[in-house]
Amino acid sequence: MRHRPAPTRLRSVRHALGILLSTLALLLGGATALAPAAQAAPAAWTPKPSPMTTPWTGQVSRDNPLPEYPRPQLTRPDWANLNGIWDFAVTSASAGQPASFSEQIRVPFVAESALSGIQRKITQNDKLWYKRTFTVPSNWNGRRVQLNFGASDWRTTVWVNGQQAGAVHNGGYDAFGHDITPLLNGGTNTIVVSVFDPTQTGGQAVGKQRINDVTPHPGGGIFYTAASGIWQTVWLEPTSAAHITRLDMVPNLSDSTLRVTVRGDGISGQSARVTVSSGGTTVGTVTGAVGSQVSVRIANPHLWSPDDPFLYDVKAELVSGSTVVDTVGSYAGMRSISRGTFDGKQRLLLNGKFVFQTGTLDQGYWPDGIYTAPTDDALKYDLQKHKDLGFNMVRKHIKVEPQRWFYWADRLGLLVWQDMPAMDTRAPDAAARTQWEAEFDQVIDEHRSSPSLVMWVNQNEGWGQYDQARIADKVKAADPSRLVDNMSGINCCGAVDGGNGDVIDHHNYVGPGVTRPSSTRAAVLGEFGGLGLRVPGHEWSPGNGFSYEDQADAAHLNNRFIGLIDALRLQQMPAGLSASVYTEITDVENEVNGLLTYDRQVTKVDQGRIKAANQALIDASRSTAAPVTLPSGYRSLRVTTPGYTDRYLRHQDALAYTEVVGSGSSALLKSDATWRIVPGLADSACYSFESRNYPGEYLRHREFRVHREAGDGSALFRADATFCAVQGQGGVRLMAQNYPGQYLRHYNSEVYLAVPGGSRAADNPSLFAEDTTWAVEAPWAP
């Protein structure tokens, strides 16, 4: 196919104008796609009924779904979206191209999904085949034509006009493409794509995918429906022979520069020019060699943060003399992420300051599209809900989203922990390891310039684990500008801690548990929560949902959730915790522990209360409030609940009660109501309470009732007998050291370990704060 090049000046103007229009379109959320060749979709094609409909299920265009430009950090004005109706067939895994394609599928929705129109189980015995035609727009003459795939799971082979385009691509989460210029015929062209996806029966990264029935069914647990085939946008794009393929952008606050590496293909003597601007005003420009890092100085940089997600516009050009050969648009955020000492502990630092990172586990599944959000608004929605609920972080759990998801995280202001999707839970063989690491390398390269992405999470709970320390070092070397988590959940499920990376990451359900930093790593809570609430009419498989702790109703859910967040603020964050990840933002299939239902139709929690609790947690991390301390030696603990302020905590028959104590009380009662306050048996920053008249015996919670016991010297006894002091209204609250968020409470004269939002009688929300607040008084029996 021959092309006539455009005059140089006109071509330069066209590129400059095009990048402006492309950037404007991105800001407005509109598509910039050129229409591909007309292709009549068979009238018989319809989507299958979705097991649950989201607010966007009915908004998906039949012939032009997901019309937005798919690569916001490397934009060009001319492109053609190939999403829509393709011919489709399924053969045996070993078969060649079928003679006919008897079905149709809506790309880019996977074959298992309702929105694809197929909605069928795909196994390791199958191969998927896609076919469509297109013509190259006439105004692309003189340029190369690139065929791009956002992602296709898993082994993808592409033919154009009967000839294979490039190499077979192995990978389910990274973008790829081919220069198909030599394969074009100048008229109507035909693309054929085959995809083989063995899901968990292969050795590749699969995340939570499992080969299951595609319609709702009992079971499944924490694993979900597989997602086979093309699942992100497919598009054509014209480029010059020498063109930019990637921008690597690293902000450096120490010298107020944006360090940029322009990478390209077909380079023949061109140089790279990078311009950074804000509101149309240039703030810095520099020219250097393609493939080498250049530094653009930005005076008084406007820093990016969740509170102020400011983005600079970036333009990169390939120049040859005075001729602009290629131009792309992009954006960048000026921020730093690091680990350092704050209040004497290793902390996660954003822009040099400790800001507690509170987020949720976000698995990115949809009942209508499975792996693919139905629309760009839907893709944005879950991130916006994080902001609405007061979170400043999101952990993308063993799935990698399209680049537009990162665009919205960048724009809205959310810190992102990005998991590398796990292999199956069995030990991987050498071939699987090689493939997994190669795909991880590609994922890092693809998303390394996103300002929201602050940490790579390499492995999770030991699934397919191997070489943890080596991989953490490798990832850090590949991207030294970000934090690295060598293993999320080192305390869980047989996971082995590599011992390196930037964080110690525990999982605790319901939690929040006790996670402490070391001298070289910050402490994070990679998963906790899992509070469940079934919402009738909004269950994927009615009656079959599960959670880590079922809640009776929305009131219990709200109180329990806020109790957990308050425990982080009052106890765990001051003790050294830097971040927490609540499970999870939405229900997923038979998991009902989301803050939202799986169909995104219902927000289960009180948004205002949750936002306020999260904001209080974040605000508290910005100060260095002195810890609440108790006097040492003998003291008595008085009830502060109005109407009961003459009662004191005492032991009787080895159980804890409250009773009225006065000057005329017996010596035995006064002695029973006196305790020696000593450093905590399990944590010297907390406290233990030794009986005055039974030395060596301590207040200890056991099965929620509070006892006086000598104990057996075990670690469990020491933890049960340790309570941390936090501020209460008119006194102190005593929180269990090993059960943060659970408090010493008097209830009907008995003393319990009580849970905000809990289901026991002693968890009653009425007067909960008052009943759990104690005044430390002079001892009745000195």
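Serine 305 turns up in strand β21, which covers residues 304–305; strands (E, at least two residues) and helices (H or I, at least four) are DSSP runs, numbered from the N terminus. With a relative accessible area of 15%, serine 305 is buried (buried is under 20%, exposed over 50%, partly exposed in between, with a 1.4 Å probe and protein chains only). Apart from neighbours within four places in sequence, serine 305 touches Leu350, Asn351 and Gly413, where a contact means heavy atoms within 4.5 Å.

The model is a predicted one, so to speak of local features takes a pLDDT of at least 70 and side-chain atom pairs need 80 or more, while totals for chains, interfaces and linings use all residues. Residues are numbered from 1 along each chain as its sequence is written, and side-chain values use heavy atoms, with hydrogens and water left out. The chain averages a pLDDT of 93, and 95% of the residues score at least 70; pLDDT is the predictor's confidence in each residue, from 0 to 100. Residues 1–42 have a pLDDT below 50, and this stretch has 81 contacts in the model beyond near neighbours in sequence.

Next comes arginine 560, part of helix α6 (residues 554–575). Arginine 560 counts as buried, at 6% relative accessibility. Its side chain makes a polar contact with the side chain of glutamate 549, at 2.7 Å (a polar contact is a pair of N or O atoms within 3.5 Å; within protein, one must be able to donate a hydrogen and the other to accept it, and residues adjacent in sequence count only if both atoms are side-chain atoms). Other contacts of arginine 560, leaving aside neighbours within four places in sequence, include Val510, Leu531 and Gln742. Leucine 531 is 29 residues away along the chain, yet the two C-alpha atoms are separated by 8.0 Å.

Then there are the aromatic rings. The count comes to 29 aromatic pairs, with rings of Phe, Tyr and Trp (its six-membered ring) pairing if their centres lie within 6.5 Å; planes under 30 degrees apart are stacked, over 60 edge-to-face and the rest tilted. Tryptophan 86 and tyrosine 130 make an edge-to-face pair, 6.4 Å centre to centre with 90° between the planes. That pair links distant parts of the chain, with tryptophan 86 in strand β2 (residues 84–92) and tyrosine 130 in strand β4 (residues 126–134), 44 residues apart. Tryptophan 86 is buried at 0% relative accessible area, and tyrosine 130 is buried at 0% too.
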